[in-house]
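The entries follow in the order I took them.

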Amino acid sequence: MSVIKELSGTRRRRRARRAGRPSPALARATAVAACVLLTGCAAGPPERAPDPDEVIKAATQRLTDVCLIRQGLVPPRSGAARPPGADEERVSAALFGSGPAELSLTLPTGYVVRAHTDGCLAAAQQRLYGDQPGWFRASVVVNNLRPEADRGHRDLAEVRARHRTEIAAWERLRAHALTEATTVLENPPPKGNPPA
């Protein structure tokens, strides 16, 4: 039966060519060529979406840089020349906060993680995540799931199940940060001193 269909298809193609009509393959090739020439529809593969971590990192960098510049400080850069007499301690305090850390979390591994709620980094995290203390707690727990599993000789899935609440908070806050980071990068904050 398939041989008969194949022969009849071949006959139709021959008749179509004799009648002055292009073959279906030629018609498709012509349509694709016209699309390319007229609209550029085959200009290349679509661009990949940017990595969310890189987007959030770039927005954090932009926000911390603006914060430091508003204080008359030069943002630190790897390999960048610092102006003479630059006060490293002042830059560090402005960036990371000063005094006793206001946030603290003791992990099941025994380690204590601390962070400041003042400083340019904390301000950037508050702007991006909408809840800097909540982000601190969720990110510290989520980033230490593997060490917790290793220390307790437990399966990572078991540890993840115990921390569903923190994982859900991490995912919610990170999604918020990605949205905010996109806004920051599309609409950069003004540089210089804020209006009084």
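**Entry 1: Arg174**

I began with Arg174, which is buried at a relative accessible area of 19%. I use buried for under 20% relative accessible area, exposed for over 50%, and partly exposed in between, with a 1.4 Å probe and protein chains only. Arg174 sits in helix H9, residues 164-186. Setting aside neighbours within four places in sequence, I found Arg174 in contact with Pro52, Asp53, Ile56, Tyr129 and Trp135. Contact here means heavy atoms within 4.5 Å.

**Entry 2: what the model is**

I note that this is a predicted model, in which local features need pLDDT of at least 70 and side-chain atom pairs count only at pLDDT 80 or more, while totals for chains, interfaces and linings use all residues. Residues are numbered from 1 along each chain as its sequence is written, and side-chain values use heavy atoms, with hydrogens and water left out.

**Entry 3: overall make-up**

I listed 9 helices and 2 strands in the protein. Both kinds of element are DSSP runs numbered from the N terminus: helices are H or I with at least four residues, strands are E with at least two. Their order from the N terminus is α-α-α-α-β-β-α-α-α-α-α. Of the 196 residues, 26% count as buried. For contacts between residues at least 6 apart in sequence, 54% join residues at least 24 apart. The protein exposes about 13,600 Å², and carbon and sulfur atoms supply 56% of that; the areas come from the Shrake-Rupley method with a 1.4 Å probe, and for residues only the protein chains shown count as cover.

**Entry 4: the largest pocket**

Which residues line the largest pocket? I read off Phe96, Arg114, Ala115, His116, Leu121, Ala122, Gln125, Gln132, Trp135, Phe136, Ser139 and Val140. The elements giving two or more residues to this lining are strand E2 (112-115), helix H5 (120-129) and helix H6 (132-142). H6 supplies the largest share, 5 residues. The volume is about 190 Å³. A pocket is an open set of points on a 1 Å grid over the protein atoms alone, where a 1.4 Å probe fits, with protein on both sides within 12 Å along at least five of seven lines; lining residues have an atom within 4 Å of a point. The volume is the space filled by probe spheres set on the points.

**Entry 5: Val141**

Val141 lies in helix H6 and counts as buried at 11% relative accessibility. Not counting residues up to four places away in sequence, Val141 touches Leu105, His163 and Glu166. I also looked up Val141 against Pro108: they are 33 residues apart in sequence and 9.4 Å apart in space, C-alpha to C-alpha.

Is Glu148 buried or exposed? Glu148 counts as buried, at 4% relative accessibility. Glu148 lies in helix H7, residues 145-152. Beyond residues up to four places away in sequence, Glu148 touches Pro108, Thr109, Arg154, Val159, Arg162 and His163. The side chains of Glu148 and Arg154 are joined by a polar contact of 3.5 Å. A polar contact is a pair of N or O atoms within 3.5 Å; within protein, one must be able to donate a hydrogen and the other to accept it, and residues adjacent in sequence count only if both atoms are side-chain atoms.

His153 is in the loop between H7 and helix H8 (156-162). His153 is exposed, with a relative accessible area of 75%. Most residues other than glycine have a negative phi. His153 has a positive phi of about 55° although it is not a glycine.
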